[in-house]
Amino acid sequence: MKKEKLLEVEQLNIKFTTSIGDVNVSDNINFTLNKGETFCIVGESGCGKSVVALSLTRLLPENAVINGSVKFEGFTISDLDDKEFAKIRGQKIATIFEQPMSCINPVMRIGEQIAETYRANFKCSKKEAKLQALKKLEEVKLPANRYNAYPHELSGGMQQRVMIAIALACNPQLLIADEPTTSLDVTVQYQILELLQELKEKYHMTILMITHDMGVVHDMADRIGVMYAGNMMEIAERDAFFKQPLHPYAQELLNVVKDPCHYTIPGTVPNLMEIFSGCPFEPRCQKATEMCKTYKPENSVRDERMVRCLNVIPN
Ligand SMILES: Nc1ncnc2c1ncn2[C@@H]1O[C@H](COP(=O)(O)OP(=O)(O)O)[C@@H](O)[C@H]1O
Ligand SMILES: [Mg+2]
């Protein structure tokens, strides 16, 4: 069956200009989200995952310089002016974050916040908005009597559910979830992931999940993008990826999962102010050759698989 594309990101370059130099956070990144799938971007902390995700909804600070093309349902949204873009952000793409309180108003009752978000996007009466908010509360499995609760009266997991209800108030086609369960304990984490999966199926949503946790990737992903130092190193379908990751960095990420108590990838993620002459992973790569120091790998693509390494071709 031919997959329908929802989001197409081409040649995405992002840098931050700072008083001590430029920070290059996205280097010619390309990826596509198919309708109804969960695409996970995985990589160690500081690799540029959140910046790439935030750029898609233009939520980056002013010192960000973004270039490249982003299409949503075949329509180029990267050219839109901010006012037009705000409509897309409100009605088609929603974002949830690690810290729910970053998007919840601490002094407003949670039910009213969900209702207000609904009313901001769909013109309707207050009564209708309240009914919709109650429906959303039920969908995220919060009891109706919490409608009048204030955020501080709820646990972290419940606040996460409120944030999801606010995000879904506009029935988005795309949900960007940036480390949504990282600060939760394991049982609650599992419940939230299960909830996201359920809502995704109910609304045929597409999810872009950002995570550093291979367990989350394993449970949630249909396809995976591995990011390192502002580069997309590999893109693969889930089963093929876990059977045989191709990029040496992806292999290292899985080595850590297999032996989390003892194994760590040697070295650290580089400072993104550095200009890389060759492959940015070369200093940490067990399979690097002399060439990797000087030549920057290109994307090589075959069928559904992409890999960016001089020594590996997808087959
Ligand atoms: N406003 C900014 N100005 C300069 N550098 C920034 C800014 N925001 C993020 N960065 C840098 O971008 C890099 C990638 O950050 P981020 O996308 O948050 O990584 P990840 O989500 O993969 O952990 C980091 O090195 C960070 O310091
Ligand atoms: Mg992040």
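Tyr228 counts as buried because its relative accessibility is 0%, where buried means under 20% relative accessible area, exposed over 50% and partly exposed in between (1.4 Å probe, protein chains only). The model is predicted: local features need pLDDT of at least 70, side-chain atom pairs count only at pLDDT 80 or more, and totals for chains, interfaces and linings use all residues. Residues are numbered from 1 along each chain as its sequence is written, and side-chain values use heavy atoms, with hydrogens and water left out.

**Aromatic rings**
- Rings of Phe, Tyr and Trp (its six-membered ring) pair if their centres lie within 6.5 Å; planes under 30 degrees apart count as stacked, over 60 as edge-to-face and the rest as tilted.
- By this rule there are 6 aromatic pairs.
- The ring centres of Tyr228 and Phe281 are 5.0 Å apart and their planes stand at 80 degrees, so this pair is edge-to-face.
- Phe281 also counts as buried, because its relative accessibility is 1%.
- Ring pairs join Tyr228, Tyr249 and Phe281 in a cluster.

**Helix α9**
- The buried residues of helix α9 (residues 248-258) include Tyr249 and Leu253; helices (H or I, at least four residues) and strands (E, at least two) are DSSP runs, numbered from the N terminus.

**Sheet**
- An open sheet is formed by 4 strands in the order β2-β1-β4-β5, with antiparallel pairing; two strands pair if DSSP finds at least two bridges between them.
- Strands β1 (residues 5-18) and β4 (residues 64-72) are joined by 8 bridges.
- Glu10 stands opposite Ser69 in β4.

Methods: Chains are lettered from A and ligands numbered from 1 in the order in which they are written.
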